[in-house]
Structure formats: structure tokens, C-alpha cells
Amino acid sequence: MSIISVSSSQGSYEVVIERGILGHSDRAVSSATPAGRMLMVVDQAVGASHGGAVRASLGPDRVAGVVEITAEEPLKRMSTVERIWQACLQVGLDRSGAIIAVGGGLTGDVAGFAAASFMRGVDVVQIPTTLLSMVDASIGGKTGINVPLPGSDRLGKNLAGAFWAPKLVLVDPETLETLPRRELRSGLAECVKHGVIADRGLLALIGSHAELLAQGDRAAIDTLLPRSIEVKRAIVQADEHERGSRMLLNLGHTFAHAIEPITDLDLTHGEAVAIGMCAAAWCAEGCGLCSIEDCESLTRTLSSLGLPTSMPRAEPIDALCDAMRYDKKATGDRLRLVLPTRDAAVVRDDVPPGAVREAWQRVMPEG
Ligand SMILES: NC(=O)c1ccc[n+]([C@@H]2O[C@H](COP(=O)([O-])OP(=O)(O)OC[C@H]3O[C@@H](n4cnc5c(N)ncnc54)[C@H](O)[C@@H]3O)[C@@H](O)[C@H]2O)c1
């Protein structure tokens, strides 16, 4: 078992990493929140399995109700939050209650936002079941939903949300056994991101164990988890509300957010981030921040994990640049981009539009 403690302005909380912990989650949950009545919000894909294990451990008296949600980006929206609020009311949750989120980052974001806003805030416990949510989404208190963009049928990613620190994060690597390999690889993209921005040793470790990691090898995953979580902890603790260094976690995301809502591209969040990181690297190269070799090395690492490094099909660059404007990191008309350097990453809001266009061009398919 490893325990990583995260401090936040809303109190500190523990990230507990232990194989099989879901089966005895009651102890950790009881010491993290006094709530006697809870609503479980669970991804329907893991409702019976991992959700069932948590429910059995907490008991029917404490878990007063369960809301199953479908983990699809178009459903990460206000109507789902309302469904959760309604269920809270139905089971008589008051301000002393808690929401237990069991699922990937999508479930955690929606359930976390519902918890942040129901009766102006009830406790939330995050129980991530994807690699991405274990190392990234469940830690740091960011919650959110997508919002329809004006005059468009697209959704703006995570444009509404709140900072709402969990009372506890329970990471059970056993839950990854049921996770489709493609989703596992998507989580590895965020681990690569952590390596690029803050821990080049981690990046080297991922590169040298790429095959094992992509296959979900238990020992490789057990080594990776605390290291990647530690990067996230250090960053969110230093800059909880994303006024400075936390922005580095958005490496690749401003590009990714432009392509993720194009549903027929069929990209997972992590896959979009992988392509986005490549675009960010090429953009950095265009700005003289890193070399062509650095871009190629990142591309190789992502590729060795089975992640995409270019777009599945060509898309109009004008539309992609336009969609980037709705990213939360945009300030007025200026795009704020995180760009990798030789040994870390920097936040820039003076990137010439031509460099962004050129970066998109670099990740378009050949021919
Ligand atoms: N709050 C943050 O700081 C933060 C950070 C990164 C990403 N995010 C958000 O997280 C979301 C992506 O999260 P994700 O990659 O975890 O995806 P996800 O929650 O959409 O889950 C991916 C897929 O895996 C399935 N699934 C989840 N756990 C499973 C398991 N153990 N076994 C079998 N299937 C399982 C889900 O049903 C879904 O089909 C995005 O909405 C993104 O915006 C938030």
C-alpha cells in the first residue's frame, strides 16, 4: 500500500494505492468523511463489478442510492448533473451527505461537479477505475462538464466546473484488469505528459517499459502509479487554482480539446492528448524551444505505447484553430499554450498563429 497526501485549501486528503482496496473501502471512507448517507455515482460499465465491491463494503445503510451514468463526452453535461442532484434529493441527501464517484475521469468530473454544487457542496470521494483518472483526473479537485458552443453543434470541453477537493482518493490497480487496453494506453498518454513536464526519469522509465505498460503488466503498472501520481500531487499542491505551474498539466490539451469533440474521429481523451502533445512539440520546435529530435523522440515514445501521433484523417486547420479559441486557457484573443522545451515545459501566450497552423499541419496524415 502507498499513501500520498495532498494538501489543498479545502483540507488535505489522501490518495491510497492498494490492490484489492475496494473490497474493504469502508475503513478508508469512514475515516475520510463523517457522512452517514451517500449517493454512489458509478460508470455503468463498472456498476456491477467495481461499484458492487464498494457498495458491498460500505453497506446498504450508507449507500442510500446509486446513479449509473454512461461515460460518453456528449453526456458529460448539465442534464447528467441534474439527474445526480435529483437522485440526491430522492434519497434525502443533505449537506452532511457525500457522493462516491466510481469510474473514469468522466464520472469523477461530473460527480465531482454535482457534489461541489449540490446544497453548495457535499463531500466527494473519488474512486478512479481508469489509469487516466488514477494518475490525473481524480487528484487536484478539478471538476467539470462540457458546454454547447454558441452557434455550433459542438461541445466546449469542461467549460463549466468548480474546484472541489475530494475527501479521499482510493486507487485500486486491480480495477485496471477490466479496462480495455485502448483505455489503458490513453492513461499512459497522461503519464508521458507528467514525464515531459516534470520528471524526465519517469519519461525514460515509460520509454524503457513501454511494451509491458501497454499490456497492463502488473509490476510495471505498480511502479508507474505512485510516480505519476506524485508528479500530479506536487503540481496541484504548488498551484491549486491553476494560476501558474498547474497550467503545465495542460500540455497537449489545447490542441486535444479542438479534436476531441469531433465525435466521428473516435478518439479517446488520452489519444487526443497524445496527438495534441505532438502538435505542441512541433509548435515548440517552430518557436525555437526544442529540436526536431526532441519532437521525434516524444513521437517515438507515444508510438511505442500504441498511441496515435497524427490525426486519423485530415481536418480543416481553420476550424481547428477556431475551436482552440474556446479553450479555457485562451485569454481574450490570445491562445495560451503549454509547449515542451528540451528538459521541461513552459506556458506561452505569444505563439504566432502561423506556428499553431504549422503544428496542426505536422500532425495531419501524410498524402
Ligand atoms: N478533472 C481533471 O483534472 C481531469 C484531468 C484529465 C481528464 N479529465 C477528464 O476525464 C475524462 C477522461 O477520463 P477517462 O480517460 O478516465 O475516461 P472515461 O471516464 O470516459 O472512461 C473511459 C472508458 O472506460 C470505461 N471504464 C472505466 N473504467 C473501467 C474499468 N475499470 N473497466 C472497464 N471499463 C472501464 C468507461 O465506461 C469508458 O467507456 C475526460 O472527460 C477529461 O476531460 C479530467
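Figure 1. The model is predicted: local features need pLDDT of at least 70, side-chain atom pairs count only at pLDDT 80 or more, and totals for chains, interfaces and linings use all residues. Residues are numbered from 1 along each chain as its sequence is written, and side-chain values use heavy atoms, with hydrogens and water left out.

**Figure 2. The shell around the ligand**. By class, the shell has eight nonpolar, nine polar and nine charged residues. Here Ala, Val, Leu, Ile, Met, Phe, Trp, Tyr, Cys and Pro count as nonpolar, Asp, Glu, Lys and Arg as charged, and the others, Gly among them, as polar. Domain 1 (2-178) and domain 2 (181-362) each give the shell at least three residues; these bounds come from an automatic or database domain assignment.

**Figure 3. The largest nonpolar core**. This core has 81 residues. Phe-255, Val-356 and Trp-360 have the most contacts inside it. Helix 11 (residues 269-286) gives the largest share, 12 residues. Domain 1 (2-178) and domain 2 (181-362) each supply at least three residues to this core. A nonpolar core is a set of buried Ala, Val, Leu, Ile, Met, Phe, Trp, Tyr and Cys residues joined through side-chain atoms within 4.5 Å. Buried means under 20% relative accessible area, exposed over 50%, partly exposed in between (1.4 Å probe, protein chains only). In soluble globular proteins, nonpolar side chains tend to be buried together.

**Figure 4. Ile-229 and Gly-187, two buried helix residues**. Ile-229 belongs to helix 9 (residues 218-238). Its relative accessibility is 0%, so Ile-229 counts as buried. Ile-229 and Val-15 are 214 residues apart in sequence, yet their C-alpha atoms are 8.6 Å apart. Gly-187 is part of helix 6 (residues 181-198). Gly-187 is buried because its relative accessible area is 0%. From Gly-187 to Val-135 the C-alpha distance is 7.9 Å, across 52 residues of sequence. Helices (H or I, at least four residues) and strands (E, at least two) are DSSP runs, numbered from the N terminus.

**Figure 5. Positive phi at Met-119 and Asp-266**. Met-119 lies in the loop between helix 4 and strand 6 (123-128). Its phi is near 50°, a positive value in a residue other than glycine. Met-119 counts as partly exposed because its relative accessibility is 35%. Asp-266 lies in the loop between helix 10 (253-259) and helix 11. Phi of Asp-266 is near 55°, again positive in a residue other than glycine.

Definitions and conventions: Near = heavy atom within 4 Å.
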